[in-house]
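Notebook open, model loaded. I'm jotting down what I look up as I go.

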Amino acid sequence: MPKLPSRFQRFRSGSPLSFRLLAWILLFSSAFTLIASAIQIYSDYSKELSQIDSRMQQVESGYASSLARSLWALDQKLLQTQMEGILSLPDIVHLRLGIEPDSELVMGKIRRGADTKSHQFDVIHEGNDELKLGDLTVTANLDRVYQDLKIKIGIIMATQFLKTFFVSILIIIIFQHFVTRHLTTMANYAKDLSLKNLGTPLTLDRSDTPSHRSDEIGRVTEAINQMRKRLNDDMIRQEKDAAEIHKFSKAIEQSPSSVVMCDRQWRVEFVNQKFTQLTGFNPKSIIGRHPGALSDNHIENRDNRHLWQSIRLQVQRVGVWQGEVNSVRRNGERFWEQLIVTPIKDAAGHATGYIILGEDISIRKRYEQQLLRQANYDILTGLPNRMLALDRLKLALAQARRENSMVGVMFLDLDNFKHINDTLGHDAGDNLLIEAARRISSCLRGTSTVARLGGDEFLVILPGLTGPESSSQVAERILENFTPAYALNGQEVFVTTSIGIAIFPTDSDNSGTLLQHADAAMYQAKHQGKSSYAHFSPEMSEVSHERLQMESRMRRALELQEFELYYQPIVDTTTGELRAAEALLRWNNPVMGMVMPDRFIPLAEETGLIIPIGVWVLEQACLAAKGWKESTGQDIGISVNVSPRQFRDPGFTKAVMGALSNNNLAPERLELEITERLLLDNSIETADILRELDRAGIRLSVDDFGTGYSALSYLKSYPFDTLKIDKSFIQDVMKEPEDAALVRAIINMAHSLGLAIVAEGVEEESQTYFLKREGCDFAQGFFYSHPLPAGEFIEWLKTNHRIPT
């Protein structure tokens, strides 16, 4: 007990929370003890009173009848003895027996001021009739009850207080051990916490168990450590942010784009090195100035004022401005600059300044102008291209509608350009196009337009015409200008052009239709004999429409199996024996009937359809040769014509090898006929393809020899096996000595080069004698057989007795 005050003092001074907790425990415990004790004392008091009442009831039940008998017998001694027995009972201190009619007997004594409790009952004699003899009043003294109550109150209060006090002390000790000492540790940790020791976590003097980690102390500890970790992370992040800010500062300073920072009033506060390099302005000289008024030239600044006014308004309204500006350097040199202007906003979203990013786009602008020119002008000739020409045509038509005038549209196509391009090479073709463009342009006035639509096609737009005859005059000047020769690769070449003319609004009021009509008129001019012009007429639409229909039908001809091969024999001139056959393509269309090659082959070459058609011809020709072997048992060669466009296709060689492989045909049984104009190209690609075919064992032949430019100097450069003399020389060989001499020379020249000769177009027996006499190796023509379809050619083979054995 002597230690309690010192413990209280320690609680009060060292643990105010513990002291307050003790006070509140004592207060509420005492109140609870008082209430509980009062309830218990009251209960005991009521129990004592109940026992006194019970005792008085026992007196009534136990003595009533005996008192009645004693009183009826008037036995005073017995009556007195009975009342003394009642008076000897606990707490009974006074008896009063009232005797009828008016006497009484009193025993015992009541202390003045004492608390008493009384009980009265009647004394009745029970006989034939009940007779009340008197009544007995029993009085009990409550002093003993009160004395016991006082003792109980003292004992209960003392024991309850001591129990409450020691339990409170025990609770406080437990609370101090489990709570307050840890709170003190937390308080000391928080007091000493600083940015320097964020790496040290808070630890408490208790075991690390799941229950401890999940209770309030554990959660508070975890929260403090998380706060410490966040502070530590924030400090690290702030250090990183500072490093990032420094890095960003360096990045802005060393940025490849110019950076200008302005305050809210658009006064320059900062410029980076790139700005200085780009503009030549010294940073110190422009700080505080408006970005649109950096120059000392007042005229320049005045011109920039409206631009920067619009920039400021758009930045305020939209939040950003981006555009291209023709800026000026300090030395007065102009350059194109891409600018992006954005506000610098605070946390509330208010602009505190502005940042201007700039990039020199002068080179890009030059490229854009170059690309714009490439998009609208032909690179080779410098003329407007199709896109720009169509735009100008639409503008010319719109102006003509307003002025009620005419517009002439001329469609020009160079005659035999493909032949020249294939013969002399693409460089010569390009030079020809350049010179043709110059000649056409020289015939036009300033308001007219000449454009290259592609290939060798040109378009001329003649606005403001007063009548169709004006376009005819222009066409005549152009044709006249094409009369002089062209110098191409050291050779003089004569090139003409065909011109088709359509007039707005006479022929059409639509630009697209006008072009179609001019194109149709141009084809009409070609049919007239080239080097001419033709005005559009309604019937030309039918011809143009027929050409479009032919192209459309030809695109489906392969799919619908409308193509077929005819075969013409090639025989030995000396013996008349069959050596090979030439495959000749025919197109049997259900609508147009049998279409000859001279009608559809040029169109197939123009559209590129000659490539798949050529592959089909190779496959069918090799398949036919294989069939002849099976039906006759003889090796009959097959000869196939190859167009220049087909020959230059990257997949040509592969297609040839595939046809041989698919049909298991020996390469030496296939002969490819190459046109003479293809040889005159003299390109490396041509030589490589021919040598590759020769190495594979495929025979090579020069078709229509002598109809083009002289190719004698090229024959020794290529691995040819055969020359085919064009039928134009053979048909007059018996009539014209010059033709006979030329054929004789070709035969001798070919034999000297080790080449075999095939004469085409042999129709008369006399021609066969001449060819045999001059040593021509082989011949083909109507004299031997017309070209025959596959079935008839098989029959011809069976009935022909001159097949070599």
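Predicted model: local features only at pLDDT ≥ 70, side-chain atom pairs only at ≥ 80, totals over all residues.

How many bridges join strand β1 to β2, and in which sense do they run? I find 6 bridges between β1 (residues 92–99) and β2, running antiparallel. Residues are numbered from 1 along each chain as its sequence is written, and side-chain values use heavy atoms, with hydrogens and water left out.

My strands (E, at least two residues) and helices (H or I, at least four) are DSSP runs, numbered from the N terminus. Two strands pair if DSSP finds at least two bridges between them. I looked up I99 and got S103 as its bridge partner in β2. The whole thing is an open sheet of 4 strands in the order β2-β1-β4-β3, with antiparallel pairing. β2 (103–108) and β3 (116–125) are the edge strands; each has a single partner strand, so one side of each has no neighbour in the sheet. On average, neighbouring strands here are turned by 15° against each other, direction ignored. Axes are lines fitted to C-alpha atoms, for helices over the stretch in contact, and angles run from 0 to 180 degrees between N-to-C directions. Helix α3 (residues 76–87) lies across β1, β2 and β4 (131–141), at about 150° to β1. Contact, here and below, means heavy atoms within 4.5 Å.

**Around β9**

I then checked what pairs with β9 (residues 351–360). β5 (residues 258–263) pairs with β9 in the antiparallel sense over 6 bridges, and M261 has I355 as its bridge partner there. β8 (residues 334–345) also pairs with β9 in the antiparallel sense, over 9 bridges; I340 has L357 as its partner. The β8 and β9 hairpin has 5 residues between the strands, and G349 takes a positive phi near 85°.

**Cores and a helix pair**

A nonpolar core is a set of buried Ala, Val, Leu, Ile, Met, Phe, Trp, Tyr and Cys residues joined through side-chain atoms within 4.5 Å. Buried means under 20% relative accessible area, exposed over 50%, partly exposed in between (1.4 Å probe, protein chains only). The largest core has 76 residues, and W628, I638 and L672 have the most contacts inside it. α18 gives the most to this core, 10 residues. A second, separate core of 32 residues includes L383, L433, F458 and I501.

Next I followed α18 (residues 610–632) to α27 (residues 790–799): they pack at about 35°, axes 11 Å apart. W628, S631 and T632 of α18 meet F793, I794 and L797 of α27. I sorted those contact residues into 4 nonpolar, 2 polar and no charged.

**Two single residues**

Is T449 buried or exposed? T449 is buried, because its relative accessible area is 8%. It sits in strand β11 (residues 449–454), and its contacts, leaving aside neighbours within four places in sequence, include P384, R392 and L459.

S531 is in the loop between α15 (511–527) and β16 (533–535). At a relative accessible area of 36%, S531 is partly exposed. Beyond neighbours within four places in sequence, S531 is in contact with D415, L479, T496, T497 and S498. I also checked S531 against D572: they are 41 residues apart along the chain, with C-alpha atoms separated by 43 Å.

Note on methods
Nonpolar A, V, L, I, M, F, W, Y, C, P; charged D, E, K, R; others polar.
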